[in-house]
Amino acid sequence: MYAKYTKLHVLAFGFAFGILGAISMFIVGLFAMRGYGVGYVTMLSSLYIGYSATFLGSILGAIWGFLDCFIFGVILAALYNCFLGKCGTCKASTLENKGELK
């Protein structure tokens with residue numbers, strides 16, 4: 001018997017990951033303003049344009065963090081749904097939709 005797992009909503013999962021990434025990048029940027037984690041912010045500033053240990057840099061880092069984590073969350077949720085057989089492209093999902101697989 002197959003276990004019943006729920007399909008993830010791809011955009012909602014991506015949005016949740018994006019919010020988490022934005023908040024964490026913003027907080028790390030604010031801590032770097034006080035001297036904590038400056039090396040980490042400097043390393044990330046080579047990847048994210050405008051990210052620095054300033055308030056404006058923290059806001060830009062939050063925007064980059066949202067975009068990066070949103071894309072990662074969407075990809076992760078889509079892969080999860082495909083491996084679960086709920087994406088509509090594999091044989092298991094079409095058999096389940098027809099009621100032949102339980």
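What we have here is a predicted model. I'll start with the helices. Two packed helices are described by the angle between their axes and the distance between the axes. Here the two are helix α1, residues 10-33, and helix α3, residues 55-84. Their axes are 6 Å apart, at an angle of about 150°. Angles over 145 degrees count as roughly antiparallel, so α1 is roughly antiparallel to α3. The crossing of α1 and α3 is right-handed. As for what sits in the contact of α1 with α3, there are 22 nonpolar residues, nine polar and no charged ones.

Now the rings. How many aromatic pairs does a search of the whole structure find? The count is six. I'll go through two of them.

Take Phe17 and Phe72. Their ring centres are 5.8 Å apart and the planes are at 40°, so this pair is tilted. Phe17 is in helix α1 and Phe72 in helix α3, so the pair ties together parts that are 55 residues apart in sequence. Phe17 is partly exposed, at 26% relative accessible area; Phe72 is also partly exposed, at 47%. Ring pairs also bring in Phe13, giving a cluster of Phe13, Phe17 and Phe72.

Next, Phe26 and Phe55. This aromatic pair is edge-to-face, with 5.9 Å from centre to centre and 80° between the planes. Phe26 belongs to helix α1 and Phe55 to helix α3, 29 residues apart, and the pair links these distant parts of the chain. Is Phe26 buried or partly exposed? Phe26 is partly exposed, with a relative accessible area of 24%. Phe55 is partly exposed too, at 48%.

Notes
Residues numbered from 1 in each chain as written. Predicted model: local features only at pLDDT ≥ 70, side-chain atom pairs only at ≥ 80, totals over all residues. Heavy atoms only, no water. Axes fitted to C-alpha atoms, helices over the stretch in contact; angles between N-to-C directions. Helix = DSSP H or I, 4+ residues; strand = E, 2+ residues; numbered from the N terminus. Parallel < 35°, antiparallel > 145°, perpendicular 65-115°, else oblique. Left-handed = near helix turned anticlockwise from the far one by under 90°. Nonpolar A, V, L, I, M, F, W, Y, C, P; charged D, E, K, R; others polar. Phe/Tyr/Trp six-rings, centres within 6.5 Å; stacked < 30°, edge-to-face > 60°. Buried < 20%, exposed > 50% of the residue type's maximum accessible area, 1.4 Å probe, protein only.
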